[in-house]
Every structure is written in C-alpha cells, then in structure tokens.
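Biologist: Hi! Could you walk me through a few spots in this one?

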Amino acid sequence: MRADGPPAGCAAAAAERADVVVVGAGPAGLAAAAVLAGAGLSVLVLEREGEPGGVPRHCGHSPYGMREFGRVMGGRAYAARLAERARRAGAQIRPGVAVVALRPGPRLLVTAAGGPAEIAADQVLLATGAREGSRAARGLGGTRPGGVLNTGALQGLVYLERLRPFRRPVVLGTELVSFSALLTCRHAGIRPVLMVGEGPAVEARWPAALLPRLLGVPLRLSTRIEAIEGRDRVEAVILRGPGGLWREAADGVVVTGRFRPESALVTASHLRLDPRTRGPEVDEFGRCSDGAFFAAGNLLRGVETAGTCWSEGRAVARAMLAARAGRLPEGVARPLAIEGGALAWALPQRLAGDGTVPPAFPAIQAGAARCARGRLVLRAGGAETASAERAVRPHRSLRLPLPPPGAEPVLAFEEEP
Amino acid sequence: MAEDRFDAAVIGAGVVGAAAARALALAGARVVVLEKAADILDGASKANSAILHTGFDAPPGSIESACLAEGYAEYRRIHARLGLPLLESGALVLAWTEEEEARLPALIEQAQLNGVSDVEPLGAAALRACEPGLGPGLRAGFRVPGEHLVDPWSAPLAYLHQAAAHGAVIRRACEVQGGTWDGALWRLETGGDPVQARVVVNAAGLWGDVVDERLLGRRRFAIRPRKGQFVVYDKTAFGLTRHILLPVPSATTKGVVVCRTVWGNLLVGPTAEDQDDRTTAVLDPAVLEALRRRGEAILPALSGHEPTAAYAGLRPATEDKDYRIGHDPDRAYVTLGGIRSTGLSAALGLAARLVRMLEGQGATQGWIPPADPVWPVLPNLAETAPRDWQRPGHGGIVCHCEMVTRREILAALEGSLGARTLGGLKRRTRVTMGRCQGFYCTPALARLTAGRLDPPLAEPLEADGAR
C-alpha cells in the first residue's frame with residue numbers, strides 16, 4: 001500500500017553506502033556497531049529517536065551496566081556509555097533517521113528531517129527492540145480517556161521531558177518492568193494507588209516482589225481491570241479480584257509489560273517472520289531468511305534485559321564478520337520443531353551450523369504459553385541432547401544448550417499430568 | 001454587536017454541521033458554527049466505519065436515500081479539489097445463512113429502486129474468486145461496485161475550512177443554552193455574548209432533540225444513542241481483503257462490516273447497542289472478543305493478527321429509521337436530526353437539501369454566492385497518495401507507527417481550526433493511533449503540544465514531591 005519510493009519530482013540523492021547498517025541504537029545495536037567498526041568496517045547506525053540509547057535512555061534508575069562496564073549505572077548514563085564506545089570504535093551514529101522499508105540488496109529506504117533517501121549496505125543488522133503491549137492488546141474495557149500509558153511512555157515523560165502525566169495511577173502488571181514503573185513513579189512524586197497482577201503470583205523474579213511493600217503501594221493479585229472510567233482524563237478503574245468487583249479512584253493507568261518485538265519493518269519486508277515470536281526468523285548466527293540481514297536483541301522475542309541484548313549484539317556482530325569472511329555455513333538449515341502446547345515460541349527457528357564457527361546464540365531460547373510443570377527436552381535425530389525439569393510460566397524465558405550439528409532438532413515440553 | 005450578527009447559525013460541528021456550514025457559506029451566507037465540545041467532530045462523527053455509501057440498501061423513497069445519492073455524487077465531484085482521499089474498493093454483500101440468502105433478491109431490487117443499478121449478483125465461487133480469503137459457509141451475495149472508503153475526519157474538516165475561507169466563524173466550547181425568535185432574528189444564548197442569526201440550523205447530532213426543545217420548546221423526536229464498537233487491525237491485515245465485506249442488513253443495522261481504511265488498516269465493526277447515555281461509549285471486552293471472532297469467521301486469516309486498537313461511537317438513532325428533517329419556515333429554523341451511520345456519506349446531500357429548503361422559504365434573499373470559491377487543500381493522511389514523510393523538510397517522524405511528521409503535528413495545532421484536544425489532534429494527524437498506541441511518541445508529543453491542548457498530556461514536574 002505504502003508508495004514504493006519518494007514521490008515523483010522529489011528524487012532522492014544517489015544512494016549512500018556503508019559496509020554495515022545497524023537499524024536501532026539500543027544495547028544490541030550499539031554493542032554490535034562497536035564490534036563491527038572495531039574490525040575496520042564502515043558502520044552506520046540509524047536511530048529513529050533524537051538520541052541513541054534505546055529503552056535504557058528512557059529509564060533513569062539502576063541497575064544497568066554490570067556485565068558491560070563492571071559497575072552499576074543508571075539507564076541514561078549506561079546508554080551514553082554504549083553510544084560513546086561505538087563512536088570511539090569508529091561507528092557513525094545517526095539519530096533522527098527512520099527506516100521505512102527493507103529491500104533486498106540490501107537497500108534501506110529511510111526518511112529524516114530533511115526528507116527521504118536510500119542507503120545501501122553489504123549487510124544489515126536489525127536491532128529495533130521491543131515495545132509493551134498496548135491497552136487494546138490487553139483487552140481493557142471502558143472509556144478511552146487520556147492518562148492510560150505504557151511504562152515506556154511514562155519513563156520518557158518523566159526522565160526525558162520532566163513531565164508528570166498523573167499523580168495517583170493504577171499500575172497493571174507484575175513483570176520486571178512493572179516494578180521499574182513503580183520506581184519511575186517514585187522519582188516523579190507519583191503515588192500509585194494500587195499495583196494489580198492478573199495472575200496468582202508476581203511474575204518478576206525475587207527481589208522485585210518486595211518493592212511494592214517498600215514503596216507503600218498495595219499489591220492485588222488474581223485481579224484484572226474490568227473497565228476504565230473518565231472522559232478526558234481517567235477518573236476511576238473498575239477492578240475484579242477474588243473478593244469481587246470494586247471501583248478504585250485513580251487519575252491514570254500504567255499498562256506495563258507484555259513486550260512484543262517491534263517488527264513492523266520485518267513484517268512489511270521480504271524477510272520471513274516467525275508468527276510465534278512475532279520477530280524475524282533467524283538461525284543460530286542471527287541470520288535472517290535473506291542472509292545479508294541479521295537480527296539481535298529484543299526484536300527476536302520480546303523482552304530480555306539490556307545486558308542480554310548487549311551480549312547478543314556482540315555475538316551476532318562476530319557472526320556477521322564470519323559471514324563476510326565466507327566462513328558461515330551456507331547449506332540447508334534444519335528447522336527447529338516445537339512440541340507441547342505449553343511452549344509459545346522458541347528460537348533460533350532453524351539451525352545451520354556445521355561445527356566450524358561458534359554460534360551467536362549458544363542456547364535455544366523458549367517461552368511458555370501458560371503456567372505448567374514438566375520437562376523441557378531437546379532432541380536431535382531422535383536422541384535427547386539436553387533437558388531440564390521445569391515449572392514454566394509466561395514472560396520468563398527458558399534455555400537449553402544447542403544440539404550438536406547435523407540432526408533435525410525438536411524442542412518439546414513434556415507436561416506432568 | 002454587529003460582528004455577532006450572522007445570516008445563519010449552525011449548531012453542531014459534526015460532519016452534518018460542517019457540510020451545512022460549507023453549503024450555506026458557498027450560497028453566500030455569513031455563517032457561524034456553534035459547537036458545544038472543545039473541538040469539532042466530538043460526537044457521533046468521532047467514530048464510524050469510514051465508508052462512502054451508495055445508499056443501495058436505504059429505504060427507497062426515503063430522505064436518507066435521496067441525501068445519500070446526492071451526497072455520494074457531490075463527494076466524488078469535490079474530493080480531489082479538497083485533497084480528500086477516495087479508495088475505490090467496491091463492496092460484497094455476503095449471505096452466510098439460508099435466511100440471508102433468501103433476502104438477497106429483495107436487496108438487489110431495493111438497490112435498483114435506489115438508483116444503484118450496477119449491483120452484480122454472484123455465487124459463492126464467484127465471490128471467492130473476488131476475495132480468496134473469505135471463510136467457509138458462504139452461500140451467495142452480490143457486488144456493489146460503488147461502495148468506497150474515505151477519511152471521515154479530514155472530510156468534515158475540509159468542509160469547515162472551505163466555509164471558513166468564505167467567512168464562516170467556528171466557535172468551539174460554545175454550547176447553545178437557549179434562544180428566542182423575535183420575528184426577524186434568532187438570539188442564541190451561549191454563556192458568552194449572544195449570537196444573532198436570521199436562520200438557525202440544528203445539526204446537534206446526539207443532542208438534536210435537546211436543542212429543538214431549548215429553541216422551539218418541543219422535541220420533534222427522541223434520540224436514543226446506538227453504540228457501535230469497532231476493532232482495528234494493523235497495516236499487516238490491510239491486504240486480507242480488497243472489497244468492503246458487508247453482511248445482509250437486518251431491520252435495525254447494517255451489521256458487522258470488515259473493511260480496509262484509507263490509512264492502511266483493517267477494521268471490524270460496528271455493533272449496534274441501544275443506550276441512554278449520550279456522552280460515553282464504553283468498550284466491552286467480551287463484545288470486542290465476539291467482534292474479533294465474527295471477523296475471523298468472515299476472514300479466517302485475521303486470526304493471526306493482533307488488534308491495534310478498539311474504539312466505540314454513538315449514532316443518534318431515533319424512533320424512526322429515516323432521517324428527521326424538520327423545517328419551521330415561520331421561524332427560519334431547520335432541524336437535520338436522526339442522522340445515523342450514513343451521515344458521512346449523506347452530509348453533502350443533506351446540506352444541498354438544506355439550502356434548497358431555505359431558498360424555497362425565501363431565506364436566502366440577499367445572499368451573494370462567491371463567484372470563484374476557494375478550495376482549501378487538506379493535508380493527506382491516506383496511504384492512497386504521497387504522505388508528508390515522503391517530502392523534504394518534514395522535520396522528522398514523531399509517530400513511527402502512523403508515520404506522522406513534526407511538520408504535520410505543528411500544522412494541525414495552528415490556525416482558527418487548530419486542534420485543541422488530544423482527540424482532535426489524533427483525528428487531524430493520526431498521531432498515537434498506530435500499533436504502539438503512544439509507547440514511543442508520547443514524550444515527544446507532550447513536548448510539541450505543551451500549552452496547546454486542554455487537558456495537557458502531562459504537567460511539569462515541580463519541586464513538590466519530585467526528586
């Protein structure tokens with residue numbers, strides 16, 4: 001539907017070129033850019049926001065940076081350090097540039113303040129990250145007033161713009177990011193009236209669950225938002241919990257978590273998308289269905305920590321260097337089969353390795369569709385190569401070591417009856 | 001005050017009021033538009049299915065049928081000059097049950113009676129050839145080539161811009177609380193200075209009966225709001241159907257439609273739920289889930305797609321299926337009431353009819369139509385033509401999901417018809433209406449709109465309580 005290029009009479013300048021274009025200047029993209037530029041390549045990092053850094057830039061509080069810089073840092077300082085490291089390695093970071101379309105070649109159609117242009121590269125790394133599920137995706141009923149925000153928007157308002165969208169919101173969700181929302185509220189003098197979780201237990205790992213009590217925010221589990229009330233602004237939230245239905249006066253709602261890949265570019269491109277992860281399909285080198293495109297970070301599967309994305313960015317960058325040297329296996333990849341209804345997704349979606357080059361992803365990552373107890377098993381050619389007894393729940397990823405090269409891999413979850 | 005004396009006062013700045021203001025201004029009247037809400041298009045015109053209807057299924061001989069035919073033709077004539085999109089998609093009316101199938105011949109005959117002579121009966125195989133994605137259980141149907149898709153917000157905004165270019169004054173946050181007719185002139189009480197006008201047009205939509213009561217002392221009809229909920233899917237679902245997919249309509253509603261939008265989305269809706277509340281349209285998750293399931297039955301491939309947004313609107317239904325047009329020539333007063341879901345398509349026809357009614361009564365004497373009308377061109381938001389981001393100097397993208405530029409947002413905040421609320425800004429630019437629903441662009445939007453919107457997106461962090 002979208003026009004194929006700039007309108008007639010507005011010819012884009014002759015295509016610019018780089019050895020590698022990195023799309024997205026978050027932890028994965030910046031970590032990869034530093035490795036690739038450090039290897040002597042011309043690296044162009046395109047970031048659609050006004051500054052590099054990605055999600056951590058919006059997040060004023062700790063803890064970031066242990067793995068990367070050996071100390072605990074706030075999100076903004078961490079983001080600045082990542083960008084600085086990539087620049088020093090020789091990468092060119094260009095903020096305010098939005099990639100509009102991915103084409104074979106690879107060629108990228110972009111648009112910036114000045115207008116549209118085209119950029120060509122030998123290789124492209126996609127690192128566009130993830131976003132939280134919207135109110136619509138969460139199926140919240142009621143009216144549609146202002147003051148219903150994701151954590152990402154709240155943090156941008158508070159930390160980047162020094163603005164406060166509400167004073168007494170309800171926080172929906174108990175993932176790690178939900179507790180980050182509580183810390184952001186505290187920073188801005190916002191006092192949440194309630195934190196509510198739909199499940200029977202807090203989804204984030206200990207010790208995040210201690211935070212509500214420390215911050216004096218009541219926590220209600222097995223509770224859902226039935227409806228939002230208010231015309232221009234939120235006035236109240238109707239909740240349903242174990243004790244029935246009640247109305248809580250509030251002037252906002254923070255809809256947290258339920259991250260999903262920001263994969264609109266991939267969806268509209270020639271690259272294959274995995275309907276389970278909603279991210280691009282990759283092999284264990286981070287290579288997409290078009291071998292000139294790679295992907296790393298939260299674009300692959302929704303949310304992991306900044307440190308995990310940073311590691312993935314570096315590892316996929318090394319695989320991209322191996323690909324340039326002609327060392328990545330080019331044979332037919334083996335798709336990873338998934339068995340058992342408790343598993344929602346797994347990646348890499350196919351395995352191409354022949355044992356000659358170390359993989360970018362040393363483990364199969366998987367996510368659960370629901371809470372279940374049982375055994376996670378990886379088989380290759382019928383033989384079990386790894387397994388783990390697990391109580392699985394959504395929004396917490398599972399890992400098993402990659403199987404040895406050669407055989408058809410199957411990831412299964414054998415549920416206890 | 002001389003400047004507060006007008007030839008015509010239009011009450012209500014929805015699509016009907018906007019089209020009326022345009023037609024009156026182009027007929028040479030000095031027009032004032034009085035809108036109760038903080039911004040235009042805040043009532044029934046806020047939410048609809050964005051279809052330009054031919055009127056094939058309207059009751060033959062009704063006012064609605066006549067206004068649809070005239071409005072449809074007028075939109076086709078003027079849309080390009082105002083920069084308004086028209087996505088020519090055609091519609092398929094689909095029968096999924098034996099009962100629905102039995103009603104097809106009558107519907108086709110009705111279309112003929114309504115002057116829509118190009119409908120084409122099709123069997124299940126032919127329908128599937130048109131739309132390979134249709135679900136199982138399809139029996140038969142027909143094609144209505146003239147049903148198309150439009151931008152329901154840019155169109156009325158364009159009508160108001162054209163009216164304003166010919167001297168119309170648009171007053172927002174200006175509720176008509178009462179008024180008197182002195183035999184020559186209406187005097188309308190609005191809380192501020194009274195507004196004087198020789199002619200009054202009631203286009204108050206969901207409040208049409210209330211305005212009649214305030215000014216005439218009686219209600220010609222009773223509004224019973226009919227809620228419609230919609231589910232919107234992301235751009236990835238746009239390609240699942242080309243045609244507008246219509247059900248066989250029932251006695252009360254056109255039923256659940258699946259169609260594309262000019263912005264590149266796909267939507268499923270509306271429901272038809274009667275209620276008393278005229279201001280609030282509440283989303284019901286269970287109903288939205290049922291809509292999704294209905295959508296997936298019609299287009300099974302939809303099941304792989306996640307909804308981007310849901311919305312709900314209210315249509316000003318009355319006791320009668322037809323529009324409620326009232327004319328009091330003695331008091332130079334016209335009511336354009338009970339304009340339900342077809343208002344977007346019929347508005348230009350209603351407006352032309354209004355001007356003819358006033359001419360017939362002699363109320364237009366002394367009005368001098370402009371010899372050379374101005375045609376303001378609206379910024380294009382549709383994917384059917386080049387967007388602002390494709391042109392140089394747009395200042396950067398603010399909303400990445402809907403590709404809204406900084407230049408578009410700043411322009412929409414400017415001028416006498418500039419956005420005053422976040423909802424108004426969304427309808428003028430589509431900002432935050434995409435898949436992320438403001439996850440990324442809210443901070444930048446709060447900065448760009450600081451001091452311009454009421455209520456604001458956020459307040460500054462002051463010393464109190466902030467650390």
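Modeller: Happy to! B:Thr318 is buried, with a relative accessible area of 10% (buried means under 20%, with a 1.4 Å probe and protein chains only). This is a predicted model, where local features need pLDDT of at least 70, side-chain atom pairs count only at pLDDT 80 or more, and totals for chains, interfaces and linings use all residues. Residues are numbered from 1 along each chain as its sequence is written, chains are lettered from A and ligands numbered from 1 in the order written, and side-chain values use heavy atoms, without hydrogens and water.

Biologist: Where in chain B is B:Thr318 placed?

Modeller: In the loop between β17 (307-317) and β18 (324-328); strands here are DSSP runs of E, at least two residues, numbered from the N terminus.

Biologist: And what does the side chain of B:Thr318 make a polar contact with?

Modeller: The side chain of B:Arg324, at 3.2 Å. The B:Thr318 side chain also reaches the backbone oxygen of B:Asp320 at 3.1 Å. A polar contact is a pair of N or O atoms within 3.5 Å; within protein, one must be able to donate a hydrogen and the other to accept it, and residues adjacent in sequence count only if both atoms are side-chain atoms.

Biologist: New topic: which peptide bond to B:Pro270 is cis?

Modeller: The one from B:Gly269, with omega near -5 degrees. B:Pro270 sits in the loop between β15 (266-269) and β16 (273-274) of chain B.

Biologist: What about phi of B:Leu41?

Modeller: Near 55 degrees, which is positive in a residue other than glycine. B:Leu41 is buried too, at 3% relative accessible area.

Methods:
Helices (H or I, at least four residues) and strands (E, at least two) are DSSP runs, numbered from the N terminus. Buried means under 20% relative accessible area, exposed over 50%, partly exposed in between (1.4 Å probe, protein chains only).
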